[in-house]
Amino acid sequence: MLIPGPDTRVVELRVHGVQGTTPQSLVDAVAAVDVAGDGLGRVVRPADRLRRPAPGPVLQAGGRPVTRVVEGYVWGGMTSGGWAKATWALLFPFSLANVAHWMLPPVPTGSVPAHLLGIGLRALLRLAALLLTVLLVAQLAVISLDLVAAQCLAPGSTCLGGPTWVSDAPWARSVIGMAPIALLLLVLHRMSAVDWRIERKNVPAAPSGASGLPGAHVATDPDTPALRVLHLVAGLGTAVVVGLGGPPGPLLAPGRHGVALTAAWVLGVVLVGLSALAAMLLDDPTGGAPHRGGRWLRAALARRPRRVLLGVAWALFVVSVGLLTRLPAQLPGADLAVQMVAALVALVCLLLGLLLAPAALLARRTWRDLPRDLRPWAGGWMAAPVVAIAALLGGGFGAGVALTLRRVLGHGVLPRGYDYIALLWGVAGLLALVAGIAVVATTGAVRWSSLRRGKEWAKEASLLHAGRARDVKRAARAWWWARWEQRHSHHVVLIAAFVLVGGAVPAAALRLREVDLPGWARPFAGAGVVVLAVLALSLLRAVYLAARRPDTARQLGILADLAAFWPREAHPVVPPCYALKVVPELVSRVREHLADPGTRVVLAGHSQGSLLAAVAVARLLEELPESEAARLGLVTAGSQLQWAYPRAFPAVVPHSSLAALAGGLDGRWRALCRGTDPLGGAVTTWGRQVFDGMLLGTGFLPNGTTGALPPALRGPTGALVLGGDHWLPDPQRGPFPGRRWAAGVNRHADYTSDPEWDRAIAIAAGLEDVAAPPPGPGLPGPVLPVARLAPVLSPKAKPDVSPGA
């Protein structure tokens, strides 16, 4: 522990979680003012009545007051607010496909089969992502070019109030049909080109990924511009092929017109095929070898060749609009085009799932020594169901819009394949209802059984709230539900994938056998139409609310914020990765403060902000000299760095990287956690158990290894400190004079109101030991004596294990 001198000060730099926190609440002040940043990444401090930066509250450390500066980094403007950001929700399947890339299992070093499987999995993911773009364009062509232009605006049609001058102008109908596709592709191009500018230009480059620290692989992919062009070219080629006749062949016309139609159709097919092949062959710099196989492809897809390729694709699109001098009554190849793309997406998802199985088995040696509760979800196979959900959601949303629009127009015939899509979602809806009833019944039975037998599910809560029977009862109930949500959150994803794939089985079987929907399937298809319409309308409504009233669309914003953390890898048309801006700017701000030798900096992250703070600290440990790194600390609150991120993204945030980070900080990583928090949990400890009135467990040791920890110590405010985890009583003890008070069960909110927050900051700053200090003014003394060492257990003695710990 460092004894604070007169010139010692602590800078507490806070990072908020998802769905934007206000600057005032982030720094715990009635007013806040910007002191750095560019408007998107804002560094704020508390403000006085004249809106000047005000000093933070004094920090009590080691029995002495220490000057503290409270700052907050506000990044919510990058992911929420306005129509432009709300429209990302319409492309959420693209984001899921991109997230799936980061969920792939790690590739063990020295394993050639694992390396080859990794290359194959990345190639298939990029192909699946490109097919999702093609499917979107094909479905829009069915809506705008077939349903509206070819059928609704046909001569003699009674749609939209009867014939108009447009019906007698073939080129006008062609333009009306193809214009939405061109607009969509222009929007995709614009959205995929958006990136965040880093304010600090002197920020060192991100490490190559060999450090083993968390988030080392989170870096910009140099293939993104090429991948963006390939998706646009594939979309333009798809529009040309579908508009000129579809997969069966080009439209028939006499003379040179027919030759031109055939040439344009063939060129469209070539563009789609080349785009798919190039997307599969592009290397992944975070896991592959960009200096070898992909070098020639990168040269071929340099900036000038990309411009030429994109120009050719747009020219072909414009020519195809001119060649559509007369639209048929119904596009002949629209049905087959959508079904072929959907079949290819299904095939790629199936191959991905099959290849993931051996890849996960080969990667198992990297986590087989971990406890079961720390191993990756689904054994490292989680990327497959996420891709399947992305594909089925993408197809379902397009079908839902088409079916809803046909109902609104009251005219037109949709392709036959939409009947099978409706059947898919009808069966999926029934399976979802059955699965939901089963989950509710099972959960209720387990809960009722535990209450009936008087089983104590949260023995830690009894320690935290000793002598407060009412708080024990309220806390135990919240602990039970929080643990249930953490245990089964990934099961919800697996159930959703199972439900959707289960609905696809009968639909695919009937379509492959060329069987019209039998009588038993009609009710399911009708229900599927309702489900698809509700899906389309709900998503459109959510986008509207996210743009006009962001506070009412919290769930949508949370999903978007979580997906936008990951850089563009599998799909380029996803929100720009805010981590690529936030982390370097946090690093730069910390380095500025550490330039003063009397300053100690503590990065404090809540929820998603804990991941950003941990990645920033990992980068700083690699860059800073030892004298400055010793003045750096980390506090995480309500974090998912144990129960979620290492299990969902085992190659990017593995458990070993967290151990290395803990070792690099040498005890200056403190984690505030509540058992009542369903979104956050323990970070540095696991395998917790209550024995003889003591909380025991295993966790990270200061030297970076793992092992058994001494019994938890009781802090001056009632918190139990086990290793690096500070278990907070919730509801809080108190109220305490001179401190803000948060009554009731706080769960995931308001960690800074707990008096243990200041103590964790002091320990992370290296100004106080973990051992409980004497009570400060206005703070109660220890409610229970400091825990003693556990006695040696006899062979017959068995400790009481807290379920789900």
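Let's start with the second largest pocket: 39 residues line it, and Ala-342, Ala-346, Leu-392, Ala-504 and Ala-508 lie nearest its centre. A pocket here is an open set of points on a 1 Å grid over the protein atoms alone, where a 1.4 Å probe fits, with protein on both sides within 12 Å along at least five of seven lines; lining residues have an atom within 4 Å of a point.

This is a predicted model, so local features need pLDDT of at least 70, side-chain atom pairs need 80 or more, and totals for linings use all residues. Residues are numbered from 1 along each chain, and side-chain values use heavy atoms, without hydrogens or water.

Back to the pocket. Helix α10 (334–363) gives the most to the lining, 13 residues. Helices are DSSP runs of H or I, at least four residues, numbered from the N terminus. Others that each supply at least two residues include α4 and α14. By class, the lining has 31 nonpolar, six polar and two charged residues.

Now helix α6, residues 224–243. Buried means under 20% relative accessible area, with a 1.4 Å probe and protein chains only.

Is Thr-238 buried or exposed? Buried, at 6%. Thr-238 touches Val-134, Val-137, Ala-138 and Val-272, leaving out residues up to four places away in sequence. Contact means heavy atoms within 4.5 Å.

Technical notes:
Nonpolar A, V, L, I, M, F, W, Y, C, P; charged D, E, K, R; others polar. Expected span 1.5 Å × (residues − 1). Buried < 20%, exposed > 50% of the residue type's maximum accessible area, 1.4 Å probe, protein only.
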